[in-house]
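Visitor: I have a structure open and I'd like to go through it with you. Can we take it piece by piece?

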Amino acid sequence: MSFDTLAEPALAPPGRTDPTTTLRIVPRRRTGQRAAAAVVLTLLALAVLSVVRNDAFQWDVVADYFLTTAVLRGLGLTLWLTAVVMVLGFALGTLLATMRLSANPVLRGVSWGYVWLFRSMPILVQLLFWFNIGALYPTVLGIKTVNLLGPVTIAVIGLTLHEAAYATEVVRGGILSVEKGQLEAAQSLGLGAGRRLRRIVLPQAMRAIVPPAGNMLIGTLKGTSIVSVIAVQDLLYSVQLVYHRTYQVIPLLMVATLWYIAVTSVLSVGQHFVERHYARGTAGAR
């Protein structure tokens with residue numbers, strides 16, 4: 001580690017007449033940085049104390065409802081939605097990314113059009129559209145659409161189609177990050193397109209895919225809260241049902257907030273280790 005340094009001449013010991021002047025290296029005093037850090041820490045401590053000591057948060061109510069069955073059931077549905085949407089979204093996104101990189105102009109055009117359309121529509125609009133799909137198609141294969149598409153199914157469809165549009169660009173960017181020479185070497189070995197993608201391209205592309213994919217995972221977890229508008233009993237909707245009955249809005253919202261913070265923190269730690277795994281052998285590995 002390098003320091004901005006000042007050189008100070010060291011005085012020769014008494015009784016010694018060494019003409020050579022030695023230099024002692026001392027670090028530069030950073031008074032301004034230390035003062036700024038102290039101010040920031042003080043303000044942060046005051047902010048934390050104001051939250052902890054504010055009776056309006058009703059921390060006893062937060063503790064009472066934090067592990068209730070209704071809240072845990074809503075949390076479970078939120079986690080399930082997140083997992084299903086990410087798996088389906090990246091599966092569809094990988095397919096669309098390969099289409100986008102295809103030499104076939106029709107496949108490229110379809111993939112580009114999909115990404116353009118679903119990135120242009122707000123997720124809330126998409127969910128409301130699917131929720132009212134029965135107005136356009138009352139029956140499908142003789143089955144009423146209302147009975148075919150329940151709120152949870154609608155949430156999975158809407159979120160998956162939305163996430164797939166972003167996953168397409170993430171996977172496409174990761175594939176493009178692989179050196180062209182790797183593909184040429186795989187072709188010279190006679191590997192087919194499918195095997196080249198599975199065995200050569202994707203393992204190397206994961207290094208560029210994982211960081212944005214981790215951000216998408218956390219964003220999807222928080223984004224599932226929007227399904228409460230179509231009466232899906234996720235974590236947010238579960239606490240809403242409680243505070244509509246008890247009128248304890250702030251403490252119940254804090255229950256949801258703390259659960260979101262806890263889960264996103266765990267996911268962030270997991271993302272760190274996954275990134276480190278795929279970064280092995282590179283200069284950025286830590």
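Visitor: Where is Gln58 found?
Guide: Gln58 sits in the loop between helix 1 (31-52) and helix 2. This is a predicted model, so keep that in mind throughout.

Visitor: What is the phi of Gln58, roughly?
Guide: Gln58 has a positive phi of about 50°, although it is not a glycine.

Visitor: And is Gln58 buried, exposed or partly exposed?
Guide: Gln58 counts as partly exposed, because its relative accessibility is 29%.

Visitor: Which loop holds Tyr247?
Guide: Tyr247 lies in the loop between helix 10 and helix 11. Tyr247 is a residue other than glycine with a positive phi, near 65°.

Visitor: Buried or exposed, that Tyr247?
Guide: Exposed: the relative accessible area of Tyr247 is 70%.

Visitor: How do helix 10 and helix 11 pack?
Guide: Helix 10 (residues 235-246) and helix 11 (residues 249-278) pack at an angle of about 165°, and their axes are 9 Å apart. An angle over 145 degrees counts as roughly antiparallel, so helix 10 and helix 11 are roughly antiparallel to each other.

Visitor: Which residues make the contact?
Guide: From helix 10 they are Leu235, Leu236, Val239, Val242, Tyr243 and Thr246. Helix 11 brings Val249, Leu252, Leu253, Val255, Ala256, Trp259 and Tyr260.

Visitor: How many of those are nonpolar, polar or charged?
Guide: The contact of helix 10 with helix 11 has 12 nonpolar residues, one polar and no charged ones.

Visitor: What about the largest nonpolar core, how many residues has it?
Guide: The largest nonpolar core has 18 residues. Those with the most contacts inside it are Val71, Leu235, Val239, Leu252, Val255, Trp259 and Tyr260.

Visitor: Which helices supply at least two residues of this core?
Guide: Helix 2 (59-65), helix 3 (69-100), helix 10 and helix 11 each do. The largest share, seven residues, comes from helix 11.

Visitor: What does Val71 touch?
Guide: Not counting residues up to four places away in sequence, Val71 touches Tyr65, Phe66, Leu235, Val239, Val255 and Trp259.

Visitor: What is in the second core?
Guide: The second core is separate and has 14 residues, including Leu81, Ile123, Ile133 and Val156.

Visitor: Different topic. At what angle do helix 4 and helix 7 cross?
Guide: Helix 4 (residues 105-120) and helix 7 (residues 151-176) cross at roughly 125°, and their axes come within 9 Å. That makes helix 4 oblique to helix 7.

Visitor: Left-handed or right-handed crossing?
Guide: Helix 4 passes helix 7 in a left-handed crossing.

Visitor: Which residues meet there?
Guide: Ser111, Tyr114, Val115, Phe118 and Arg119 of helix 4 meet Leu161, His162, Ala164, Ala165, Tyr166, Thr168 and Glu169 of helix 7. By class, this contact of helix 4 with helix 7 has seven nonpolar, three polar and two charged residues.

Visitor: Which helix is Ala97 in?
Guide: Ala97 is in helix 3. Ala97 is buried, because its relative accessible area is 0%.

Visitor: What is Ala97 in contact with?
Guide: Leaving aside neighbours within four places in sequence, Ala97 is in contact with Thr168, Val171 and Arg172. The C-alpha atoms of Ala97 and Ala167 are separated by 8.3 Å, with the two residues 70 apart along the chain.

Visitor: Last one: how many helices and strands does the protein have?
Guide: The protein has 11 helices and four strands. Of its 286 residues, 31% count as buried.

Definitions and conventions. Residues numbered from 1 in each chain as written. Predicted model: local features only at pLDDT ≥ 70, side-chain atom pairs only at ≥ 80, totals over all residues. Heavy atoms only, no water. Axes fitted to C-alpha atoms, helices over the stretch in contact; angles between N-to-C directions. Parallel < 35°, antiparallel > 145°, perpendicular 65-115°, else oblique. Contact = heavy atoms within 4.5 Å. Nonpolar A, V, L, I, M, F, W, Y, C, P; charged D, E, K, R; others polar. Core = buried A, V, L, I, M, F, W, Y, C linked by side-chain atoms within 4.5 Å. Buried < 20%, exposed > 50% of the residue type's maximum accessible area, 1.4 Å probe, protein only. Left-handed = near helix turned anticlockwise from the far one by under 90°.
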